[in-house]
Amino acid sequence: MADLRPANENPWYVLMTYYGEQDGDEVDWELHKANAEFWNELNFESRRLPNLEERVREETPLALAETLGGNSKITDRSGKRKLNVGQRAERLAIFKGYLDRGESLTGTVDLNEVHFEHNLVTDGYFFLGNANLFLSRFEKNVSMRKLRLQGKLSFSGTIIKGQLDLERANIGTGFHASDITLHANLNIKRGDFSGGFDLEHSLIGGKIVAQNADISGPATFNCIHVASKADFAGANFDDDAIFKSAKFGGRAEFSQCDFSKKADFQLAEIKGPFSCSGSTFHGTAVFAGAGFGSSVDFTTAIFSKSVTFVNAFFKGPSKKNQSSIRFDETIFEAPVSFAQTRFCNEFPRFSNTVLPDSVLFSAEDEFWPNRFPRDQSEAKVWKNSASVARHTVSKQGFPEDEHFFFRREMECARQIGGWWDKFPYEVFRWVSDYGCSVARPVICLFVLWFIGALIFTAEFSQLYHLPGKVPSWHEPFSLSFANIFKIFGFQRLYFGSEYMDALRVGLKFLSSVQTILGFFFLFFLGLGLRQRFRLR
């Protein structure tokens with residue numbers, strides 16, 4: 001950058017600012033209008049530039065300045081004439097010196113390695129060919145609204161301390177701005193970029209405004225860093241849209257977009273909310289390894305081909321009781337993969353979502369929230385999402401994954417309703433871990449047997465009135481066991497009805513309770529064994 005040339009030494013810049021530079025903080029639109037009219041007269045007809053070159057070679061700059069734009073009434077805000085004849089002659093002299101070196105202005109507009117101290121305003125300018133601004137430096141803003149350029153526009157390696165405004169610009173064969181440093185905003189709202197858009201490895205210090213932009217060629221935003229918001233709402237991507245390893249410091253808005261081919265957000269980092277609501281993805285969509293630091297909204301989006309969220313990271317809501325990972329009414333027409341996708345604080349919301357037969361979820365605790373909602377409305381949403389995931393993996397024949405989501409569905413159901421509604425789920429949880437545990441029912445059976453045996457032992461140590469028999473030391477333990485497993489006939493076989501009838505009322509009640517609870521615990525033991533050995 002140390003060898004940059006002053007803008008006023010560049011012949012193209014001299015012609016673009018023939019009536020004067022934008023040397024104020026604000027744009028002088030009267031001056032701009034005169035500059036634009038002069039420039040466009042030279043460019044609309046290809047013979048004008050060669051004609052001007054011939055006149056500059058033959059006439060003196062002063063004489064040419066008298067006739068070229070001599071009738072202009074351009075004034076500044078104080079009413080003083082902008083650039084008198086002598087000043088315009090000086091600018092033409094710069095042009096003449098360029099031509100005297102054997103150069104020609106036909107072809108590409110060369111503004112490479114130029115230092116621009118003032119605002120560059122080319123709103124409404126027309127360019128026949130390419131415009132190159134490689135490795136240049138702008139101390140203020142660059143405004144190119146409604147620019148019409150038949151070739152390509154290149155800003156690669158440029159530093160712009162202000163903003164770059166290309167609203168409604170029409171670029172014929174592509175915009176190339178890789179490795180630029182832009183201190184303020186980039187505005188390409190309603191721009192038409194027929195040859196693609198390249199902004200990879202660039203730093204945007206402000207925000208990107210790209211609402212309703214139309215990018216016909218490849219859109220390359222690899223490794224860009226946007227400090228603030230990026231708004232692509234309503235943008236149309238006719239070719240691949242690549243945002244691989246892009247970083248967005250604020251909200252990333254891609255709602256109502258149309259992705260005709262591949263949409264690649266692999267390894268992207270979005271700190272603010274991310275929205276693709278209402279967008280259509282005609283090609284494959286890749287969100288593998290992407291990090292979402294806030295809310296994510298894919299509501300009513302349509303995915304026509306495969307989608308992958310493998311190794312993606314969803315941090316979840318910034319506020320409690322806020323459903324912020326939303327796939328409501330989203331349509332997936334091809335396989336979807338959430339394998340090893342981490343949902344840190346919240347279940348994704350699947351309300352009226354159309355999922356294909358092939359959906360991959362990772363049924364491991366580390367990929368799902370380690371908390372469950374206390375708010376009942378939120379719990380209902382989580383319960384529905386867990387139910388959708390369970391149903392999806394069930395259709396694919398994954399019983400272990402099915403039971404994983406079933407447990408989470410039950411955990412959410414445990415938060416809904418009054419205490420009487422919650423009580424069955426609490427029992428189901430503590431006794432069998434929602435039908436998953438083998439150890440818990442066994443422990444419950446053991447405790448039921450041992451406590452019953454102790455009570456029988458205490459009673460039998462004082463009672464010897466049982467007909468024809470004195471209790472032995474093991475009899476209380478045997479009776480407790482027979483009561484629990486009465487359905488197998490142990491009580492009838494080893495003790496009989498007369499023995500049971502002779503017991504005190506309290507012991508009869510205890511035996512009945514053991515029989516009921518024993519059946520209850522055996523049922524949950526069966527569920528645990530069924531799940532352990534994947535039985536159907």
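**Entry 1. The model.** I am working from a predicted model. I keep that in mind for each entry below.

**Entry 2. Salt bridges in total.** I asked how many salt bridges there are. The count comes to 16. Side chains of opposite charge can pair when their charged atoms come close. I then looked up some of the pairs.

**Entry 3. Asp25 and Lys140.** I found a salt bridge between Asp25 and Lys140, with the closest N and O atoms 3.2 Å apart. Asp25 sits in the loop between α1 (11–16) and α2 (29–44). Lys140 sits in the loop between β7 (137–138) and β8 (142–143). The two parts are 115 residues apart in sequence, so this pair ties them together. Asp25 has a relative accessible area of 68%, so I put it down as exposed. Lys140 has 24% relative accessibility and counts as partly exposed.

**Entry 4. Lys161 and Glu139.** I moved on to Lys161, which forms a salt bridge with Glu139. Their closest N and O atoms are 3.5 Å apart. Lys161 is in the loop between β11 (159–160) and β12 (164–165), while Glu139 is in the loop between β7 and β8. The pair links distant parts of the chain, 22 residues apart. Lys161 is partly exposed at 36%. Glu139 is partly exposed too, at 27% relative accessibility. I also noted a network of salt bridges that links Arg137, Glu139 and Lys161.

**Entry 5. Arg390 and Glu409.** Here I looked at a pair between helices. Arg390 forms a salt bridge with Glu409, and the closest N and O atoms are 2.7 Å apart. Arg390 belongs to helix α6 (residues 376–395) and Glu409 to helix α7 (residues 399–413). They are 19 residues apart. Is Glu409 buried or exposed? Glu409 is buried, with a relative accessible area of 7%. That value is under the 20% cut-off for buried. Arg390, at 22% relative accessibility, counts as partly exposed.

**Entry 6. The sheet.** I traced an open sheet of 12 strands with parallel pairing. I wrote down the order as β2-β6-β10-β14-β18-β22-β26-β30-β34-β38-β42-β44. Which strands stand at the edges? They are β2 (109–110) and β44 (359–361). Each has a single partner strand, so one side of each is left without a neighbour in the sheet.

Entry 7. Last, I picked β22 (residues 219–220) and β26 (residues 241–242). They pair in the parallel sense over 2 bridges. Ala219 stands opposite Ala241 in β26.

Terms used. Residues are numbered from 1 along each chain as its sequence is written. This is a predicted model: local features need pLDDT of at least 70, side-chain atom pairs count only at pLDDT 80 or more; totals for chains, interfaces and linings use all residues. Side-chain values use heavy atoms; hydrogens and water are left out. A salt bridge is a side-chain nitrogen of Lys or Arg within 4 Å of a carboxyl oxygen of Asp or Glu. Helices (H or I, at least four residues) and strands (E, at least two) are DSSP runs, numbered from the N terminus. Buried means under 20% relative accessible area, exposed over 50%, partly exposed in between (1.4 Å probe, protein chains only). Two strands pair if DSSP finds at least two bridges between them.
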